[in-house]
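The sequence and model come first, and the description follows.

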Amino acid sequence: MTDAPGSAGPNGDTPARHAPGTPCWVSLMVHGLYATEEFYGALFGWEFQPGPQQLGPYVRALLDGREVAGLGRLPPDRHLPIAWTPYFASENVDLTAETVRSRGGTIGVGPLDAADAGRLAIGSDPSGAVFGIWQAAAHLGTTVSGVPGTPAWNELLTFESASVAKFYRTVFGYEEEPVVSADFDYVALHLGGEPVAGVHGVGHALPRDRGPHWVTYFQVADADDAVDRVVHLGGQVLRAVHDTAHGRVAHVADPEGARFALLQRRD
């Protein structure tokens, strides 16, 4: 796990345009937008301001005035899985969308303009995992990283890693670094020699009600304290805090069932 290249650091440097293929934004579409704002505001200290409304009511989450993530409201008649969706940077979203289609993926939304913010598409890979594509204009994406309350990593949970990693490599130009292990199916996706996302093959351990899906890790100062706050705010713990090579991690869900992970980095 690592910070995505192209984001501003914790010292508030001038935000730079995200390199193509870099995870540049995360967004969550829910039924109860106001209640979801309250949950994440209390958990991460986010504040909110209106964003583009092309797909319905939408707000951007801010941390100390810097853009972190997006929250939107689903139409009442749309019964889609409530899930955090990572967006990957593109210099030409239309061309990237065509590549997605040609490699066995699908495009369900767009490409379309989000006012003057940029251009987007939402698609799914051949296994069915949903992701977004973002061509920045006025809105570059997440503009701060490396501090509590910011996205720290995106990881795809899928049946097996090899074929899906090949799809993302073809679409976004990643280099692959498989983990060599008899019982751990994992590929790290790299850009310019730096890891930017991961693909974890878990076979039949995938939740039956979810199928393959991306999981966003958010950095926290104290994982145990953050888990307590999730429960207090009406969320649930899916996997208790545990130690990993990258720090202390817990898997949780918000009150509408959106799954995400909490990461307390090693000092």
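## Burial and overall dimensions

A residue counts as buried when its relative accessible area is under 20%. By that cut-off, 51% of the 267 residues of the chain are buried. The model is predicted.

The chain's secondary structure consists of 4 helices and 16 strands. Its radius of gyration is 17 Å, close to the 18 Å given by the globule rule for 267 residues, so the chain is as compact as a globular protein of that length. Along the principal axes, the C-alpha atoms fill a box of roughly 45 × 45 × 40 Å. Of the contacts between residues at least 6 apart in sequence, 60% join residues at least 24 apart.

## Nonpolar cores

The largest nonpolar core contains 30 residues, and those with the most contacts inside it include Leu 28, Tyr 40, Trp 46 and Phe 260. Among the elements that give two or more residues to this core are strand 1 (23–30), helix 1 (33–44), helix 4 (223–232) and strand 16 (259–265). Helix 1 provides the largest share, 5 residues.

Beyond its neighbours within four places in sequence, Trp 46 is in contact with residues including Tyr 40, Ala 61, Val 68, Trp 84, Gly 149 and Phe 218. Another core, of 24 residues, lies apart from the largest one; Ala 121, Phe 131, Val 171 and Phe 172 are among its members.

## Surface and charge

The chain exposes about 11900 Å², of which carbon and sulfur atoms supply 51%. There are 18 positive and 31 negative side chains, and the centres of these two sets lie 5 Å apart.

Key:
Residues are numbered from 1 along each chain as its sequence is written. This is a predicted model: local features need pLDDT of at least 70, side-chain atom pairs count only at pLDDT 80 or more; totals for chains, interfaces and linings use all residues. Side-chain values use heavy atoms; hydrogens and water are left out. A nonpolar core is a set of buried Ala, Val, Leu, Ile, Met, Phe, Trp, Tyr and Cys residues joined through side-chain atoms within 4.5 Å. Buried means under 20% relative accessible area, exposed over 50%, partly exposed in between (1.4 Å probe, protein chains only). Contact means heavy atoms within 4.5 Å. The radius of gyration is taken over C-alpha atoms; the globule rule is 2.2 Å times the number of residues to the power 0.38. Accessible areas come from the Shrake-Rupley method with a 1.4 Å probe; for residues, only the protein chains shown count as cover. Lys and Arg count as positive and Asp and Glu as negative; His and the chain ends are not counted. The place of a charge is taken as NZ of Lys, CZ of Arg, CG of Asp or CD of Glu.
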